[in-house]
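Here are some notes to read alongside the model. Keep the 3D view open and pick out each residue as you reach it.

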Amino acid sequence: KYIQWISNYDYLYLKLSYFILYLKINKYLSFDFDRLTIYSLLNFFFINEIYFNISLGAKKMVVQRTLSIIKPDATRRNLTGAINQKLENAGLRIIAQKRIKLSKEQAGIFYLVHKERPFYDELCSFMASEPIVVQVLEGEDAISSNRKVMGATNPVEADDGTIRKEFALSIGENSVHGSDGETTAAFEISYFFSGLEMV
Ligand code: CMP
């Protein structure tokens, strides 16, 4: 919100204020400012400095971990390497990875949040149908970076260049899964990996 609040115009004005004050202090400007102008420049300068610092703080990236799954439709078509390349190109580091085959029960527990959805049974059967590759990704804002490079759940709606746009077959067979938040990521990572496996 702070970031939106501070427009480019404000930023330019701040820089201009700096510049004028710099010239004035170094006596490059011969004409005199009246006191009010100086106060208003200084006032703007200090207030903006505070807001800019807050906005820089808000913008600060955090290193996160997220769980990613390369789903059966992708492992079947030998797309693990191509998908990993996309993840790495997006600045994500694969700090743990293994190829496993889930039972339908294990898939069911993983996707328990979708239990009431009409596609739950189909989803669990699909995830248990063939091997998957589970992985932990690390990077700045890894959760949102991963979701960005994955693209929308439905490949028809996914942006160009995303994994799902290029590789997914349908909304169900959509090639990858990624945690959707910090709490989910913590649960999902712990479902497949111990701390010692993430390096
Ligand atoms: P994923 O990100 O793994 O999270 C839940 C999954 O449910 C989702 O990707 C889709 O693969 C699947 N899903 C969502 N909507 C549907 C749907 N309408 N039909 C079948 N599967 C779906």
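1. Start with the aromatic side chains: F110, Y111, F187, Y191 and F192 are joined into a cluster by ring pairs. Rings of Phe, Tyr and Trp (its six-membered ring) pair if their centres lie within 6.5 Å; planes under 30 degrees apart count as stacked, over 60 as edge-to-face and the rest as tilted. This is a predicted model, in which local features need pLDDT of at least 70 and side-chain atom pairs count only at pLDDT 80 or more, while totals for chains, interfaces and linings use all residues. Residues are numbered from 1 along each chain as its sequence is written, and side-chain values use heavy atoms, leaving out hydrogens and water.

2. How many aromatic pairs does the structure hold? There are five. In one of them, F110 and F192 have ring centres 5.4 Å apart and planes at 45°, so this pair is tilted. It links distant parts of the chain, since F110 sits in helix α6 and F192 in helix α10, 82 residues apart. (Helices are DSSP runs of H or I with at least four residues, strands are runs of E with at least two, and both are numbered from the N terminus.)

3. Are F110 and F192 buried or exposed? Both are buried. Buried means under 20% relative accessible area, exposed over 50%, and partly exposed in between (1.4 Å probe, protein chains only).

4. Now look at F187 and Y191, whose ring centres are 5.7 Å apart with planes at 45°, so they too form a tilted pair. Being four residues apart in α10, F187 and Y191 are separated by about one helical turn. F187 is partly exposed at 39% relative accessible area, and Y191 is partly exposed at 24%.

5. Which residues does Y191 touch, leaving aside those up to four places away in sequence? They are Q106, I109 and F110, where contact means heavy atoms within 4.5 Å. Y191 and Q106 are 85 residues apart in sequence, with 9.6 Å between their C-alpha atoms.

6. Next, take α10 as a whole: its buried residues are A185, E188, I189 and F192. They cover an arc of only 100° around the axis, so they lie on the same side of α10; the arc is that of the directions from the helix axis to the C-beta atoms. The face turned away from this buried side carries the exposed T183 and S190. Packing against the buried residues of α10 are β1, β2 (93-100), α6 (104-110), β3, α8 and β4.
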